[in-house]
Amino acid sequence: MSNHLWGLLHHPDREWRSINEEHETVSHLYMHHVLWMAAIPVVCSFIGTTQFGWSFGGDKDILQVSIPTGIMLGAAFYAMILTAVAAVGSFIHWMARKYSSRPSRHECIVFAGYVATPMFLSGIFSIYPILWVCALAGIAGVCYTAYLLYQGTPNFLGISHKEGFIISSTMLAVGVLVLEVLLMGVVLLWSMHTEHSIVWRFFN
């Protein structure tokens with residue numbers, strides 16, 4: 001399990017310096033952080049969707065799936081999260097191309113993996129999936145992710161805080177876009193194979 005979790009939540013500025021000094025590999029990041037953190041929203045969503053169902057404000061608007069279907073969809077959700085971390089890291093590497101201190105692609109993926117930590121933790125609330133509660137948790141996760149990004153980017157890229165603010169804003173915008181696509185995919189996945197399928201409603 002990650003030994004940076006508490007530091008990122010409690011004193012991110014100091015923790016970012018520690019992470020940068022370690023020169024961690026992508027495989028180590030995934031084995032000790034991403035695989036565990038990404039499992040939080042997946043497992044919680046699995047429990048919430050198979051045992052309680054997604055609530056949209058009324059007893060007649062509950063989406064619930066069977067356990068076998070939940071396992072299949074959970075595996076797809078997990079793969080999407082792991083892929084998204086690598087994709088965002090690759091985008092950060094592309095964004096940093098104009099800086100002489102440009103980090104390597106694997107360093108950017110490591111950075112993206114740790115930046116996403118608050119988003120992983122916000123997935124805890126999907127264990128009892130009420131739409132507005134999960135939405136608030138997601139917003140809180142995005143806000144703290146933005147804070148980690150603004151704190152970590154200047155030191156990570158070796159640039160000023162002003163430049164860091166500009167590039168962090170772009171990274172955040174792309175990250176939120178990736179999140180929205182991911183959430184859209186999740187909603188479609190978790191609503192499939194039910195009599196309340198959102199896909200079925202759309203085509204009918």
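User: How many salt bridges does a search of the whole structure find?
Analyst: This is a predicted model, in which local features need pLDDT of at least 70, side-chain atom pairs count only at pLDDT 80 or more, and totals for chains, interfaces and linings use all residues. Residues are numbered from 1 along each chain as its sequence is written, and side-chain values use heavy atoms, with hydrogens and water left out. A salt bridge is a side-chain nitrogen of Lys or Arg within 4 Å of a carboxyl oxygen of Asp or Glu. The number found in the whole structure is 1.

User: Is Arg-17 buried, partly exposed or exposed?
Analyst: Buried means under 20% relative accessible area, exposed means over 50%, and partly exposed lies in between (1.4 Å probe, protein chains only). The relative accessible area of Arg-17 is 38%, so Arg-17 is classed as partly exposed.

User: Against which helices do the buried residues of α5 pack?
Analyst: Of the 11 residues of α5, 8 are buried, so this helix is largely enclosed by the rest of the structure. The buried residues include Cys-108, Phe-111 and Tyr-114. Through contacts (heavy atoms within 4.5 Å), the buried residues of α5 pack against α1, α2, α3, α4, α6 and α7.

User: Which residue's side chain is joined to that of Tyr-114 by a polar contact of 2.6 Å?
Analyst: Tyr-114 is found in helix α5, and its relative accessible area of 2% makes it buried. Trp-16 touches Tyr-114 as well as Leu-148, among others. A polar contact is a pair of N or O atoms within 3.5 Å; within protein, one must be able to donate a hydrogen and the other to accept it, and residues adjacent in sequence count only if both atoms are side-chain atoms. The partner of Tyr-114 at 2.6 Å is Glu-24.

User: What is the area of the nonpolar surface patch that includes Phe-52?
Analyst: Phe-52 lies in helix α3, and its 39% relative accessibility counts as partly exposed. Patches are made of residues with over 30% relative accessible area and no salt bridge, where like charges are joined within 9 Å and nonpolar side chains (Val, Leu, Ile, Met, Phe, Trp, Tyr) within 5 Å. Areas come from the Shrake-Rupley method with a 1.4 Å probe, and for residues only the protein chains shown count as cover. Phe-52, Ile-127 and Tyr-128 make a patch of about 290 Å².

User: What percentage of the 204 residues of the protein chain count as buried?
Analyst: The protein chain has 9 helices and 2 strands. Of its 204 residues, the share that counts as buried is 43%.

Key:
Helix = DSSP H or I, 4+ residues; strand = E, 2+ residues; numbered from the N terminus. Lists of a residue's contacts leave out its neighbours within four places in sequence.
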